[in-house]
Amino acid sequence: MVKNSKEIALISMLSTVSALLRIPFAAIPNLQPCTYLITCVGYVFGPTAGFMVGVLTALVSNFFLGQGPWTPYQMFAWGLIGSSAAILKRLNLGRKSLMIFGFVWGYGFGLIMNLWFWLFFIYPLTLESFLLTETRSFIFDSFHAVGNLIFLGLFGLKTIRILERFKKRFNIELTNQSS
């Protein structure tokens, strides 16, 4: 849970950084380094902050990459990633679990986005047409999953340590020592 104005400012800044991480990688289909940062924020600051960074990442980055009817689905998917990352901290899992989490969510994100595409552009809406949509996006979803695996493996624990230091600094309270 976000506790003070310093954390709100940090969450806003991290949302902006996460959104900006998408822009240079836009030329590589579905390589999304912002997913790793959203995961780390959710891990350190909890489900609310993780959800907000995920939502704002899609909203802000799509001002540069293009808003459309897919934006709410991206917001929802990245929000779920950020909020579910808080579970990893409760379970006190290590680097491998963090990498597996990112890998699985690469396909989970793809599933949510494929569902949007299927609902809006595919006719008839049958199980067969949905499975075909999923199959056709497998390579793109794999780029996202493997990218998450690599980014979280290389930078995940380091980023989490940095964010935990910021969180610790923001939670220091001054007490009045009157004699």
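Let me begin with a term: a residue is called buried under 20% relative accessible area, exposed over 50%, and partly exposed in between. The structure I am presenting is a predicted model.

By that rule, Leu115 counts as partly exposed, because its relative accessibility is 36%. Leu115 lies in helix α5, which covers residues 95-121. Leu115 also belongs to a nonpolar patch on the surface, together with Phe117, Leu119, Phe120, Phe121 and Leu125. The accessible area of this patch comes to about 580 Å².

I now turn to Ser18, in helix α1, residues 5-22. Is Ser18 buried or exposed? Ser18 is buried, because its relative accessible area is 0%. Which side chain does the side chain of Ser18 meet in a polar contact? The partner is the side chain of Thr57, at 2.8 Å. Setting aside neighbours within four places in sequence, Ser18 is in contact with Cys34, Leu37, Ile38, Val53 and Thr57.

The side chain of Asn62 is joined to that of Thr71 by a polar contact of 3.0 Å. Beyond its neighbours within four places in sequence, the contacts of Asn62 are Arg22, Gln67, Trp70, Thr71 and Gln74. As for Arg22, 40 residues separate it from Asn62 in sequence, while their C-alpha atoms are 9.3 Å apart in space.

Thank you for your attention.

Conventions:
Residues numbered from 1 in each chain as written. Predicted model: local features only at pLDDT ≥ 70, side-chain atom pairs only at ≥ 80, totals over all residues. Heavy atoms only, no water. Helix = DSSP H or I, 4+ residues; strand = E, 2+ residues; numbered from the N terminus. Buried < 20%, exposed > 50% of the residue type's maximum accessible area, 1.4 Å probe, protein only. Polar contact = N/O pair within 3.5 Å; in protein donor to acceptor, adjacent residues only side chain to side chain. Contact = heavy atoms within 4.5 Å. Patch = residues over 30% accessible without salt bridge, like charges linked within 9 Å, V, L, I, M, F, W, Y side chains within 5 Å. Areas by Shrake-Rupley, 256 points an atom, 1.4 Å probe, with all protein chains shown as cover. Salt bridge = Lys/Arg side-chain N within 4 Å of Asp/Glu carboxyl O.
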